[in-house]
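My notes are below, in the order in which I looked things up.

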Amino acid sequence: MEQKIDFRSDTVTKPTPGMLDAMLSAKVGDDVYGEDETVTELETKLANIFHMEAGLFCPSGTMTNQIAIKCFTQPMDEVICDQTAHVYRYEGGGIAYNSMASVRLLNGERGILTPELIEPEINGDDVHYPKTNLVVLENTVNKGGGKCYHLDQIEAIHNLCAIKGLKLHLDGARIFNALVATGDKATAYGHYFDGISVCLSKGLGAPVGSVLLGSSSMIKQARRIRKVLGGGMRQAGFLAAAGIYALDHHVDRLAEDHQHAKALALALAQTDYVAQVTPVETNIVLFEVASKFTAEEVVRALGRKGILCNATSAKTVRLVTHLDISPAMIDQAIEIIAKLDV
Ligand SMILES: *Cc1c(COP(=O)(O)O)cnc(C)c1O
């Protein structure tokens with residue numbers, strides 16, 4: 001049996017030897033007392049990269065998103081996001097549970113929102129309506145097959161939010177994939193968003209962790225909410241060190257993951273079991289299976305040949321490239337894809 005090639009998610013990566021060395025030599029302290037200098041270094045480093053005032057290291061991207069939504073809403077407020085948004089679909093109903101806010105779902109093209117889509121959905125000042133207070137964007141869009149926002153689109157949404165007095169949060173679980181793909185500058189983001197959530201354990205390859213960025217006063221409140229949620233960690237510098245290492249070594253190489261995803265897409269498009277491949281922009285390949293197959297059948301057939309991936313609906317399959325996928329694995333995967341008998 002050949003080695004498995006794991007395209008299920010970019011969360012499956014293991015720390016590299018260099019990352020493990022950085023973790024082992026981290027200077028740590030009790031971060032709940034504010035005494036872990038490595039955690040502080042990571043928070044400051046990311047805040048500087050995005051030109052935001054402050055950062056907060058959290059165990060997961062779900063926690064950074066949920067804390068941001070809690071900071072930016074009051075009970076009876078409403079959050080606007082795309083119907084595919086992670087904050088709505090994959091955070092366990094957390095918006096209702098943590099923030100007691102309602103959600104207005106929009107139908108973006110591959111999850112991309114526009115001012116034209118958002119503006120009619122903003123509630124006026126009327127006791128019948130929940131008060132619209134927050135817009136959440138996702139970049140890249142996970143369910144949109146890794147589609148990116150460009151900065152001019154974000155600027156337009158920011159301008160609308162500024163006029164309407166709405167906060168704007170970015171679920172940037174894969175923001176570095178978007179920055180590498182578009183060439184947009186991270187520093188511009190701080191100007192457009194009130195909050196940004198950045199995952200270190202997706203494409204960047206750290207084992208654990210996300211950082212929430214915002215203003216100093218927002219992060220002060222976020223630190224309190226993190227404690228209440230049970231996310232205050234003690235000698236977390238060992239984990240923060242992995243994040244710092246990832247930012248120093250694993251950002252530029254995301255371009256390689258994007259190349260790999262494009263190569264897989266090309267191979268898949270030439271087979272008879274694939275009806276259509278969503279155009280690849282970053283590290284996610286989404287395809288629709290041919291009418292006579294189910295997604296599960298294609299996933300199982302690939303699995304028998306050592307390629308691991310996930311069905312994301314009855315007819316769609318997702319493959320994600322990442323740090324632990326080598327060029328040789330891509331060559332091997334392309335060969336298997338071409339010869340596959342479903
Ligand atoms: C993975 C992901 C998150 C965070 O997920 P965690 O598993 O909680 O870290 C948030 N948003 C998007 C779009 C994601 O893909």
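Which side chains meet in a salt bridge at 2.8 Å, N to O? I found lysine 45 and aspartate 248, taking a salt bridge to be a side-chain nitrogen of Lys or Arg within 4 Å of a carboxyl oxygen of Asp or Glu. Lysine 45 lies in helix H2 (residues 37-49) and aspartate 248 in helix H11 (residues 237-249), so the pair ties together parts that are 203 residues apart in sequence; helices (H or I, at least four residues) and strands (E, at least two) are DSSP runs, numbered from the N terminus. Lysine 45 is partly exposed at 24% relative accessibility, and aspartate 248 is partly exposed as well, at 46%; buried means under 20% relative accessible area, exposed over 50%, and partly exposed in between (1.4 Å probe, protein chains only).

Before going on, I noted that this is a predicted model, in which local features need pLDDT of at least 70 and side-chain atom pairs count only at pLDDT 80 or more, while totals for chains, interfaces and linings use all residues. Residues are numbered from 1 along each chain as its sequence is written, and side-chain values use heavy atoms, with hydrogens and water left out.

I then turned to glutamate 121 and arginine 104, whose side chains meet in a salt bridge at 2.7 Å, N to O. Glutamate 121 sits in the loop between helix H6 (115-118) and strand S5 (131-138), and arginine 104 in strand S4 (residues 102-106), so this pair links parts 17 residues apart in sequence. In the pair of aspartate 257 and arginine 253, I read an N to O distance of 2.6 Å, and both of these residues are buried. Shared partners join Glu78, Arg104 and Glu121 into one network of salt bridges. The structure holds twelve salt bridges.

Next I looked up the domains, and the assignment, which is automatic or from a database, gives domain 1 (17-249) and domain 2 (253-339). Their contact (heavy atoms within 4.5 Å) takes 18 residues from domain 1 and 14 residues from domain 2.

How many salt bridges cross the interface of domain 1 and domain 2? I found one by the rule. I also noted that lysine 147 forms a salt bridge with glutamate 281, with the closest N and O atoms 2.8 Å apart. Helix H8 (residues 175-182) gives the most to the side of domain 1 that touches domain 2, with four residues.
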